[in-house]
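This report covers helix packing, strands and salt bridges. Keep the sequence and the structure open while reading.

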Amino acid sequence: MILDLFFPNRCIRCNRIIEGDLLVCTICFQQIHFTHFDYFSDNSLKEKCKLLFPIEQAYGLMQFEQENLSRKIIHELKYRDREKTGKILAEWITERLEFKNMKPDLLVSVPLHPKKEKERGYNQLHLFTKTLSEFYNIPYDHDLLKRNHYSKAQALKDKKHRLETQNTFSLTKSISNQHVLLIDDVFTTGNTLSTIAWEILQKGNKVSVLVMAMDE
């Protein structure tokens with residue numbers, strides 16, 4: 001309570017004081033460009049993924065446009081030590097996404113290299129994934145995938161280097177006949193998700209994709 005008094009939570013866009021479990025004020029919330037995708041219908045994210053690997057379904061929460069609020073939200077999550085942002089984003093997902101009777105079998109998030117995770121102090125996708133797991137009652141596995149190489153942030157790479165992801169990821173264990181919901185923060189070229197998907201798409205497994213935001 002003392003911390004709240006002297007260091008109140010503020011909207012990341014307009015700096016208004018807001019409740020401690022919020023990210024933006026109600027006014028700025030209206031400025032977020034949500035996609036309004038239907039998980040069970042074709043959408044632009046699913047069409048992009050189809051060009052790269054066989055996919056069941058795809059869902060993106062926000063549009064990741066230059067200088068818009070979604071970009072700032074993701075930046076807060078990844079680089080400003082605000083891990084709880086992942087929980088808030090997951091709650092926004094649960095208000096919009098229903099799996100009905102076609103839930104995936106397993107939630108798997110894109111891993112960081114251990115060195116990168118140690119530098120950041122957390123994987124920005126872990127709390128997000130855990131929150132979704134608890135809400136939908138779907139198990140998750142943070143250890144299924146391993147990132148084999150340390151690399152700089154995607155945002156700092158040029159397009160050529162973003163495409164160089166061969167042998168970047170590997171499975172740490174064998175899975176079969178599972179429908180895996182693959183989770184990432186931002187869909188850009190799709191090459192990271194494609195590399196992982198082809199690792200998973202063996203032994204009868206299927207892949208769907210969920211991202212916090214997608215870059216047009």
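In α5, residues K84, G86, K87, L89, A90, I93 and T94 meet L127, F128, T131, L132, F135 and Y136 of α7. Contact here means heavy atoms within 4.5 Å. By class, this contact of α5 with α7 has eight nonpolar, three polar and two charged residues. Ala, Val, Leu, Ile, Met, Phe, Trp, Tyr, Cys and Pro count as nonpolar, Asp, Glu, Lys and Arg as charged, and the others, Gly among them, as polar. α5 and helix α7 (residues 126–136) pack at an angle of about 40 degrees, and their axes are 7 Å apart. Axes are lines fitted to C-alpha atoms, for helices over the stretch in contact, with angles running from 0 to 180 degrees between N-to-C directions. The α5 and α7 crossing is right-handed. That label applies if the near helix is turned clockwise from the far one by less than a right angle, and left-handed if anticlockwise.

The model is predicted: local features need pLDDT of at least 70, side-chain atom pairs count only at pLDDT 80 or more, and totals for chains, interfaces and linings use all residues. Residues are numbered from 1 along each chain as its sequence is written, and side-chain values use heavy atoms, with hydrogens and water left out. Helices (H or I, at least four residues) and strands (E, at least two) are DSSP runs, numbered from the N terminus.

**Buried helices**

Helix α9 (residues 191–200) has eight of its 10 residues buried, so the rest of the structure largely encloses it. Buried means under 20% relative accessible area, exposed over 50%, and partly exposed in between (1.4 Å probe, protein chains only). The buried residues of α9 are N191, T192, L193, S194, T195, I196, A197 and I200.

In helix α4 (residues 69–79), the buried residues are L69, S70, I73, I74, E76, L77 and K78. They pack against α2 (26–29), β1 (58–63), α5 (84–94), α6 (114–120), β5 (179–187) and β6 (206–214). D81 follows α4, with a positive phi near 60 degrees.

**A strand and a loop**

In a regular strand, side chains alternate between the two faces of the sheet. Strand β2 (residues 106–109) points L106 and V108 one way and L107 and S109 the other way, and all are buried. β2 pairs with β5 in the parallel sense over four bridges; strands pair if DSSP finds at least two bridges between them. S109 has I183 as its bridge partner in β5.

T168 sits in the loop between α8 (159–162) and β4 (169–171). T168 counts as buried, at 10% relative accessibility. Leaving out residues up to four places away in sequence, T168 touches K146, R147, N148 and H149.

**Salt bridges**

How many salt bridges does the structure hold? There are 10. A salt bridge is a side-chain nitrogen of Lys or Arg within 4 Å of a carboxyl oxygen of Asp or Glu. Three of them are tabulated here.

| Pair | N to O distance |
|---|---|
| K50 and E47 | 3.5 Å |
| E95 and R96 | 3.3 Å |
| E134 and K130 | 2.6 Å |

K50 and E47 are three residues apart in helix α3 (residues 44–50), so about one helical turn separates them. K50 is partly exposed, at 42% relative accessibility, and E47 is partly exposed at 36%. D42, K46, E47 and K50 are linked in a network of salt bridges.

E95 counts as exposed, at 58% relative accessibility. R96 is partly exposed, at 32%.

E134 and K130 both lie in helix α7, four residues apart, about one turn of the helix. E134 is exposed at 54% relative accessibility, whereas K130 is partly exposed at 35%.
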